[in-house]
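Open the model in your viewer and keep a selection tool at hand.

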Amino acid sequence: MIRIHEITDQVLHYNPQADVDLIRKAYVFSAKVHRGQTRLSGEPYLIHPLEVAGLLTQLRMDATTIACGLLHDTLEDTLTTREELLELFGKDITEMVDGVTKISKVSFGSKKSSQAETFRKMILAMAKDLRVILVKLADRVHNIRTLEFLSNLKQNEMAQETMDVYAPLAGRLGIYWMKTELEDLSFKYSRPNIYYRISEQLAQGRKERERYIEEVIRVVNRRLAENRITAQVNGRMKNIYSIYRKMETQGIEFEQVHDLIAFRIITSTIKECYEILGLIHSLWKPVPGKIKDYIAMPKAILYQSLHTTVIGPYGERVEIQIRTEEMHRVAEEGVAAHWRYKETGEITEKDGQKFAWLRQLLEWQKELVDPSEFMESVRVDLFPDEVYVFTPKGDVREFPRGATPVDFAYSIHTELGNTCVGAKANGRIVPLTYKMQNGDRVEILTQSGHRPSKDWLKFVRTSQARNKIRQFIRRVEMTESQLLGQKLLEREISHLGQNLGRLEKQGKLEAAAKALNYKDVPSLLAGIGYGKTSALKAVGHLIPEDKKAEETAAPARPRPESQAVSSAVSLKGVGNVFVRFAKCCHPIPGDPILGFITRGRGVTIHSHDCPRVLDSDPERRVEVNWDAGPGEILTVRIRVLCVDEPGLLAAISRSISAEKVNIQKATIRSIPDRKASGTFEIQVEGTAQLNAVIKSIEKLEGVISVGRDRR
């Protein structure tokens with residue numbers, strides 16, 4: 001059992017200015033409120049918070065975190081109130097203890113792999129202070145060490161939860177010694193048969209492997225001494241769970257695992273790291289593809305080291321890591337290695353630069369001067385794409401970052417989303433465009449009869465909300481399309497002296513719907529309104545032959561030019577439909593294309609990757625293909641960047657004309673650095689002709705770049 005003086009001595013060893021009086025005060029209070037309580041082992045309960053605090057000293061944490069470790073169970077397991085903690089220890093420690101308590105109360109339910117990552121991210125999102133996570137991890141390490149005193153059922157539940165949630169979380173934060181211990185102890189209780197079998201197999205050859213480790217260390221030390229390099233060389237056997245994982249992933253038996261031993265060389269400088277790597281490769285042949293340089297390219301959590309695998313003595317594969325003392329500290333302590341608080345709560349400029357990795361590429365140049373800024377950046381940058389909010393009942397829901405109350409409403413129930421008129425976040429009214437933040441408690445305000453707006457599609461982030469809104473709008477548009485289709489059909493048959501209602505009573509309208517492959521009359525009317533089927537085509541199935549003859553003799557009414565039928569494309573399953581080409585993306589023959597049905601205006605042809613059509617209603621998209629025969633001559637724009645010199649514009653024009661392509665419009669302007677930018681609108685038959693034009697222009701001296709301009 002660790003003693004309080006050992007904890008304070010350790011803290012003073014790595015931080016002589018630490019407030020150890022705060023730690024002693026927390027110890028005295030914890031001892032008082034836990035008096036009389038015992039663990040299942042029969043030991044005094046106080047042993048647990050002491051051990052947690054001791055583990056936190058291994059992470060070299062500040063006095064506030066050590067105090068939280070001593071107090072972390074006071075709110076949950078004693079009569080201590082939040083107000084009492086606030087009065088005695090202040091806001092910082094109280095909120096940390098409260099955070100640990102909240103995480104402890106989370107029910108992880110089913111341990112499906114699909115949920116495990118959600119739970120880990122939820123924990124990070126819930127913790128306003130990253131130190132809360134470190135206290136919780138220390139708490140879990142000690143609990144898993146004493147798991148033997150629980151029932152078999154509880155052992156298995158906690159072991160699985162640790163394996164699914166806490167061990168990967170420790171790895172995510174870069175605390176690998178903690179991750180390894182959590183994995184091995186959890187594995188011991190969740191898969192005891194396999195654990196003890198591998199353990200026995202390791203024990204059988206332990207003496208031989210120990211001699212092998214000594215021999216490798218001796219050879220390496222001799223080579224380092226010859227080159228006057230001082231370094232510490234250690235060898236170890238890999239942990240049981242990592243061996244099991246290798247056996248599982250590679251489908252091999254224990255006897256086939258050749259790299260059971262790993263070596264670590266710790267030196268003083270980066271220069272020596274690379275020198276040692278060269279010396280190791282001069283001793284033994286490296287395995288191709290197994291050399292990793294994490295010094296030049298550190299991992300996200302600032303992990304740095306050189307990794308290599310070589311064919312060592314007796315043909316055995318040997319894994320070797322080479323790093324400096326500072327790199328080793330970071331590798332062992334992870335995020336905690338960067339935690340260097342002054343008594344004022346500020347961070348030095350040097351440490352602030354280390355924290356910049358948490359802000360990723362966008363904020364490398366910024367300096368952190370506030371610990372709270374660091375805490376928030378860790379939470380946001382570890383999982384930048386998710387946000388976690390609470391329902392009024394306290395359930396946690398996950399959303400993509402930038403999600404709004406409308407997304408939240410549709411995640412609860414479709415009708416709640418449809419009738420949503422406002423929202424509250426943490427008790428305060430917020431607009432529907434409000435971007436929800438981690439930890440928000442969201443409440444939806446509704447109004448009977450209210451309906452979703454098409455504008456909501458501009459700011460919702462979840463596919464569920466987007467689909468529900470589109471479904472509602474589609475129902476409304478279906479009704480409107482039916483009315484429009486009915487008007488168009490009535491107008492066509494009125495010229496023949498017929499009445500739509502009479503034809504419907506006679507069953508002719510239903511027969512026409514079936515003949516045109518529609519399931520019923522409303523679908524036919526909607527198809528006419530959408531432009532999938534022309535009213536004239538429907539009339540052809542409604543009016544008798546003698547009436548058709550009369551209609552043919554009548555003067556034909558001119559049709560709008562915009563509804564001209566294009567022979568350049570063929571449409572799948574929609575018959576003879578009016579076709580137009582989109583001006584937003586200017587598709588030309590040879591481009592992958594997609595059709596979009598516009599109500600009453602036929603089909604608009606877009607490029608397959610056009611943002612407008614990708615954001616459109618999927619049910620109004622149709623498959624279209626370019627016809628094999630000669631198609632239409634279509635206009636396309638190309639942009640040319642070139643040197644600004646006389647005669648080059650004329651040369652470009654000649655190059656275009658040489659490909660038998662007509663130039664409709666050309667604009668060119670001078671830009672800085674003696675360059676010119678030109679846009680040419682040309683008429684081509686397809687991508688083949690366009691590519692020929694581009695290649696022809698690229699050959700001209702003075703042309704920097706040529707490309708298609710879809711704007």
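At what angle do helix H3 and helix H8 pack, and how far apart are their axes? Select residues 47-58 for H3 and residues 130-145 for H8; in this predicted model the angle is about 120° and the axes lie 9 Å apart. Angles of 65 to 115 degrees would count as roughly perpendicular and those over 145 as roughly antiparallel, so H3 is oblique to H8. The crossing of the two helices is right-handed.

Next, show the side chains where the helices touch. On H3, pick His 48, Glu 51, Val 52, Leu 55 and Leu 56. On H8, pick Leu 134, Val 135, Ala 138, Asp 139, Val 141, His 142, Asn 143 and Arg 145. Colour the contact residues by type: seven are nonpolar, three polar and three charged.

Is H3 mostly buried or exposed? Of its 12 residues, 11 are buried, so H3 is largely enclosed by the rest of the structure. To see them, select Ile 47 and His 48, then Pro 49, Leu 50, Glu 51, Val 52, Ala 53, Gly 54, Leu 55, Leu 56 and Thr 57.

Bring the surroundings back. The cover over these buried residues includes H1 (4-14), H2 (20-33), H4 (63-71), H8 and H10 (176-190).

Conventions. Residues numbered from 1 in each chain as written. Predicted model: local features only at pLDDT ≥ 70, side-chain atom pairs only at ≥ 80, totals over all residues. Heavy atoms only, no water. Axes fitted to C-alpha atoms, helices over the stretch in contact; angles between N-to-C directions. Helix = DSSP H or I, 4+ residues; strand = E, 2+ residues; numbered from the N terminus. Parallel < 35°, antiparallel > 145°, perpendicular 65-115°, else oblique. Left-handed = near helix turned anticlockwise from the far one by under 90°. Contact = heavy atoms within 4.5 Å. Nonpolar A, V, L, I, M, F, W, Y, C, P; charged D, E, K, R; others polar. Buried < 20%, exposed > 50% of the residue type's maximum accessible area, 1.4 Å probe, protein only.
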